[in-house]
Amino acid sequence: MAENAAKRLKTSVKIGTHNGHFHADEALAVYMLRLLPTYDGSTLVRTRDPALLETCHTVVDVGGEYDAARNRYDHHQRTFATTFPGRATKLSSAGLVYMHFGKAIIAQHLQKPEDSEEVGILWNKIYESFIEALDAHDNGISAYDPKKVEAAGLEKGFSDGGFTLGAMVGRLNPNWNDPTPSDPAEAQEAEDKKFVKASERIGDEFRLDLEYYAKAWLPARTIVQEAYQKRLQYDAEGRIMVLEGQAVPWKDHLYTLEEQEGTDKKVLYVLYPEKPVPGAKWRIQAVPVNKDSFQSRKGLPEPWMGARDEQLDEVSGVPGGVFVHAAGFIGGNKTFDGAKALADKAVAF
């Protein structure tokens, strides 16, 4: 009897959002809610009818109301200006749901308390790396100030409009000339199926992001911290950092450590083995000016660029050369000593 009552309670939870053309933010908002026990087995109601929305446990991206106490998460109100803590981008329904439920989702995934340090770190990181771009896209906010771009006379070299999560979800909407059932209920059901597909599709991207940051990025934090603390052993000015055991995701952690330390002496090159096995070849990689940049703080010397094997040995004066990329951001040597010698020469070049 109690089990049947629990099942009825689960299936009675409704998530409401608008019908019609759907977007990435509400598609992801619905997916994130359904990760939590409260919404397990929830039903979806896609409508703009206030009476039907009032029957829903939680409403996202419609209704003209933001009230977390009532589980109402719309952002279209003229007075709405809520942002994620420490960020300037106005939230969409995805950002609102993530702000209120993201820690619970991450804690559930990590099996740690919501107030743990690890949960807090990932909550901020996943917002900055994934959710914020959706918030900006839905609110029509550009990554760059349009006035500054115009003043600088910059023009795009190619179109990247279709290369976004928003565009990916948008392509799952019905086309204007797709056959539509004449019965309104059947037409709405067909549209809802496309929305569910979109929600699952962008949800997969969110899940993969969460898994990466939880399983790979976060554990790398300690390894990079240890390497950063040892950097003066390899260069008196701390310009060379060595990941002794194996390569790990290091860029985000390095920038954070440098920012926390407030030092002007930045790491220029990071060394790491290609594989975590004895006798592995070593890589030397130039640190980018920021995590999204193709420009290095200091690229490998121009005479080395594009050289390989014996030619690289000759131009660098270091035996065991494997390659240096034509753009000068990465290179390789057969041994650690060789890679370290390349780094020593590069910082002095």
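Is helix α4 mostly covered or mostly open, and how many of its 18 residues are buried?

1. The answer for α4: 13 of its 18 residues are buried, so α4 is mostly covered, where buried means under 20% relative accessible area, exposed over 50%, and partly exposed in between (1.4 Å probe, protein chains only). Helices (H or I, at least four residues) and strands (E, at least two) are DSSP runs, numbered from the N terminus.

2. On sources: this is a predicted model, in which local features need pLDDT of at least 70 and side-chain atom pairs count only at pLDDT 80 or more, while totals for chains, interfaces and linings use all residues. Residues are numbered from 1 along each chain as its sequence is written, and side-chain values use heavy atoms, with hydrogens and water left out.

3. The chain as a whole contains eleven helices and ten strands. Its C-alpha trace spans about 75 × 50 × 35 Å along the principal axes. Of the 349 residues in the chain, 43% are buried.

4. Helix α4 covers residues 93-110, and its 18 residues should span 26 Å at 1.5 Å a residue; the end C-alpha atoms are 24 Å apart, which agrees. The expected span is 1.5 Å times one less than the number of residues. At Phe-101, α4 bends by about 60°; the bend is the angle between axes fitted to the seven residues ending there and the seven starting there.

5. Both ends of α4 deserve a look. At its start, a side-chain oxygen of Ser-92 comes to within 3.2 Å of the backbone nitrogen of Ala-94. After α4 comes Gln-111, with a positive phi near 60°.

6. The loop between β5 (72-73) and α4 holds Thr-89, and Gln-77 has its place in that loop too. Thr-89 counts as buried because its relative accessibility is 11%; Gln-77 is buried as well, at 17%. The side chain of Thr-89 makes a polar contact with the side chain of Glu-132 at 2.8 Å. A polar contact is a pair of N or O atoms within 3.5 Å; within protein, one must be able to donate a hydrogen and the other to accept it, and residues adjacent in sequence count only if both atoms are side-chain atoms. The side chain of Gln-77 reaches the backbone nitrogen of His-75 at 3.3 Å.

7. The largest pocket has a volume of about 2400 Å³. A pocket is found on a 1 Å grid over the protein atoms alone, as an open set of points where a 1.4 Å probe fits, with protein on both sides within 12 Å along at least five of seven lines; lining residues have an atom within 4 Å of a point. The lining has 48 residues, and those nearest the centre are Glu-128, Ala-133, Ala-143, Tyr-144 and Asp-292. Helix α5 (117-138) gives the most, with eleven residues.

8. By class, that lining has 21 nonpolar, 13 polar and 14 charged residues. Ala, Val, Leu, Ile, Met, Phe, Trp, Tyr, Cys and Pro count as nonpolar, Asp, Glu, Lys and Arg as charged, and the others, Gly among them, as polar.

9. The second largest pocket has a volume of about 150 Å³. Its lining includes Pro-174, Asn-175, Asp-178 and Lys-194, and divides into five nonpolar, two polar and three charged residues.

Methods. Points joined across faces, edges and corners; volume = space filled by probe spheres on them.
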